[in-house]
Amino acid sequence: MYFNANKNSGILFFEIISKIVETYILTINGGSSSIKFALYSGAGLFSRSIYGRIERIGRPGAILAYTKAGENETIKEMVIADSFRAVDVLRSFLEEFVDF
């Protein structure tokens, strides 16, 4: 935050200028064969930006399904051998969505 002094009609006043930094909250619910997640964003007032799930971890037909705010669900079939790979998939996905 910094102050910007301006002169307006002979009156000196200070305008407070601040940069709003967006904050994120990530919720994760992990089980033996699935991970559910939601990412909330905001600067004080939070709203859900994206949510989804990884299902069938370690089994054929594993998926990453997600919904971005205001959009329809997207489903991607993937090979996810174990929970370690599932966490890598989630991390990579979130890094594409948000510049952490």
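A residue is called buried here when its relative accessible area is under 20%, exposed when that area is over 50%, and partly exposed in between, with a 1.4 Å probe and protein chains only. The structure is a predicted model, in which local features need pLDDT of at least 70 and side-chain atom pairs count only at pLDDT 80 or more, whereas totals for chains, interfaces and linings use all residues. Residues are numbered from 1 along each chain as its sequence is written, and side-chain values use heavy atoms, with hydrogens and water left out.

By that definition Ser49, with a relative accessible area of 14%, is buried, and its place is in strand β5, residues 46-55; strands (E, at least two residues) and helices (H or I, at least four) are DSSP runs numbered from the N terminus. The side chain of Ser49 is joined to that of Ser41 by a polar contact of 2.5 Å, a term for a pair of N or O atoms within 3.5 Å of which, within protein, one must be able to donate a hydrogen and the other to accept it, residues adjacent in sequence counting only if both atoms are side-chain atoms. Beyond its neighbours within four places in sequence, Ser49 is in contact (heavy atoms within 4.5 Å) with residues including Leu39, Tyr40, Thr67 and Phe97.

Strand β5 belongs to an open sheet of five strands, ordered β3-β4-β5-β6-β7 with antiparallel pairing, where two strands pair if DSSP finds at least two bridges between them. Because β3 and β7 (74-78) stand at the edges with a single partner strand each, one side of each is left without a neighbour in the sheet. Strands β3 (residues 23-30) and β4 (residues 34-42) pair over eight bridges, and a hairpin of three residues joins them. Six bridges join β5 to β6 (residues 62-68), and in β6 the bridge partner of Gly52 is Tyr66.

A search of the whole structure finds two aromatic pairs, rings of Phe, Tyr and Trp (its six-membered ring) being paired if their centres lie within 6.5 Å, and called stacked with planes under 30 degrees apart, edge-to-face over 60 and tilted for the rest. Tyr66 and Phe93 form a tilted pair, 4.6 Å centre to centre with 45° between the planes. Tyr66 lies in strand β6 and Phe93 in helix α1, so the pair ties together parts that are 27 residues apart in sequence. Ring pairs link Phe37, Tyr66 and Phe93 into a cluster.
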